[in-house]
Amino acid sequence: MKTIVVNGPCRLQGEVTVSGAKNAAVAILPATLLVNGKCHLENVPNISDIRAYIQILESLGSKIEYITDNELIIDNSNIKTTKAPYDLTSKFRASYYLLGALLGRFGTAQISLPGGCNIGARPIDQHIRAFEALGSNVIVKHGNVYANSKGLKAAPIFFDVVTVGATINAILAATLAEGVTVIENCAKEPHVVDVANFLNSVGAKIKGAGTDVIRVTGVKALKQTSSYAVIPDQIEAGTFMVAAAATRGDVLIKNCIPRHLEPITAKLTQSGAIVEEFEDSIRVSMDSRPSPVNIKTLPYPGFPTDMQPQFATYLALSTGSSMIVENIWESRFQYTAELIKMGAKISYHDRTAMITGVSELYGSPVTSLDLRAGAAMIIAGLMANGYTEIQDIKHIERGYENIVEKFKQLGADISYSESEE
Ligand code: EPZ
């Protein structure tokens, strides 16, 4: 069993460089399927979700050439099947992008119902409705999703909820469809914009990404790309920002886009941290316990749900009571039980958590219940007195590249530990 052991407390200090965005890369990799040729991608994070995606693409017939750990060429000129293997696609959520991409280029796709972090019900009804609007027949049966069409045609799409996945999937399916597809009530997350930018770089005609109305003018075919660099990871940057403040440290976070981090900057500032923004880096410093702040998670540009566990952990040592309302996922407070083991005072009911700041956390064995909860456990370990051993770290490795090395570089006493069980 591999675990992460943190010996706290620790004051983080120095510089760290953020990797490419997981949630952009897991959409851009399948988006390359729309190109009958080669795509050259840079700043792709070397994380297990990406390695899993590469395996899926290879099983379909993609040829992948790694130039470095973060740069690759994907050749999709010889796709042999549009049926993705059940055991690979059922493991993670982003496999749903195969539907939009394969359907868009080949008119047929089959994947398992997507899995992913256990943070609440994760329906795909909005994805299916978008495909159906564009003229596809979609059947969900025996744990699989089957989509077929005799040629997609543009249609108006209006989402009932703001959804990142369905917005990107509708763009993927509409890129090669005949006519102009107008998609309304779209998600505005940076990774939605990045996928549209990538597709436009290979000849797609997508306008409005980053606003709530996106117009996709179908083109007949896409062309090969010279090179496209994935944006920096907003949530990894936010995780280091919060970790810096939580350890009363001083950290320069490089390769990030400060505009994407504004909701986190606003809440950190409100809690007493000093945040300085530069062109492509951000510095966070803090020298006291945080003041309590209230947070509501919302679609971008609101406070991201994917930063909620890390921020709640930071507030565990605040000087008062904070309230967090989780509006996106229905069960994203399960990790609070782990923080309580470490001495935190947190209670929650339904989608609202109350955090009463304490003066000390103590190290304890804890479990990483999902990706962001796992990052929160590392921050808690850095804040606590004594040893914190984090189990189930496979969740953390899904989305953070070299996280142990990066924290070590900032002065943390953190390492992997391996035992028989
Ligand atoms: C993406 O998930 C991210 N994953 C999640 O990040 C992130 O938490 C989420 O967006 C919100 O920002 C990837 O990009 C791979 P949604 P996604 O569709 O696309 C409801 C992480 O830690 N909904 O925007 O699956 C849904 O139940 C992960 O990196 C429907 O009702 O999320 C939720 O309440 C965890 N029907 C809301 O919309 C649908 O068909 C937003 O979900 C689709 C979604």
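Two strands count as paired if DSSP finds at least two bridges between them. Helices (H or I, at least four residues) and strands (E, at least two) are DSSP runs, numbered from the N terminus.

This is a predicted model, in which local features need pLDDT of at least 70 and side-chain atom pairs count only at pLDDT 80 or more, while totals for chains, interfaces and linings use all residues. Residues are numbered from 1 along each chain as its sequence is written, and side-chain values use heavy atoms, leaving out hydrogens and water.

**Exercise 1. Find the order of the strands in the sheet that holds β18 and β20, and say what packs on it.**

Step 1: Start with the pair. Strand β18 (residues 321–325) and strand β20 (residues 352–356) run antiparallel and are joined by five bridges. In one of them, Ser321 has Thr356 of β20 as its partner.

Step 2: Widen the view. The open sheet has four strands in the order β17-β18-β20-β19, and the pairing is mixed. At its edges stand β17 (295–296) and β19 (345–349); each has a single partner strand, so one side of each lacks a neighbour in the sheet.

Step 3: Touching, or contact, means heavy atoms within 4.5 Å.

**Exercise 2. Describe the sheet that contains β1, then follow α12 from it to α8.**

Step 1: Four strands make an open sheet with mixed pairing, ordered β21-β22-β1-β23. Here β21 (365–367) and β23 (414–418) are the edge strands. From one strand to the next, the twist averages 30 degrees.

Step 2: Strand β1 (residues 2–8) runs antiparallel to β23, with five bridges between them. Thr3 stands opposite Ser417 in β23.

Step 3: α12 packs on the sheet, touching β1, β21, β22 (386–391) and β23.

Step 4: The axes of helix α8 (residues 234–246) and helix α12 (residues 371–383) come within 10 Å and cross at roughly 20 degrees. That makes the two helices, α8 and α12, roughly parallel (angles under 35 degrees; over 145 is roughly antiparallel, 65 to 115 roughly perpendicular, and the rest oblique). Residues making the contact include Ile235, Thr239 and Val242 of α8 and Arg372, Ala375 and Ile379 of α12.

**Exercise 3. Is Gly210 buried, partly exposed or exposed, and where does it lie?**

Step 1: Gly210 is in the loop between β11 (205–207) and β12 (213–217).

Step 2: Its relative accessibility is 29%, so Gly210 counts as partly exposed. Buried means under 20% relative accessible area, exposed over 50%, and partly exposed in between (1.4 Å probe, protein chains only).

Step 3: Leaving aside residues up to four places away in sequence, Gly210 touches Lys188 and Val193.

Technical notes:
Axes are lines fitted to C-alpha atoms, for helices over the stretch in contact, and angles run from 0 to 180 degrees between N-to-C directions.
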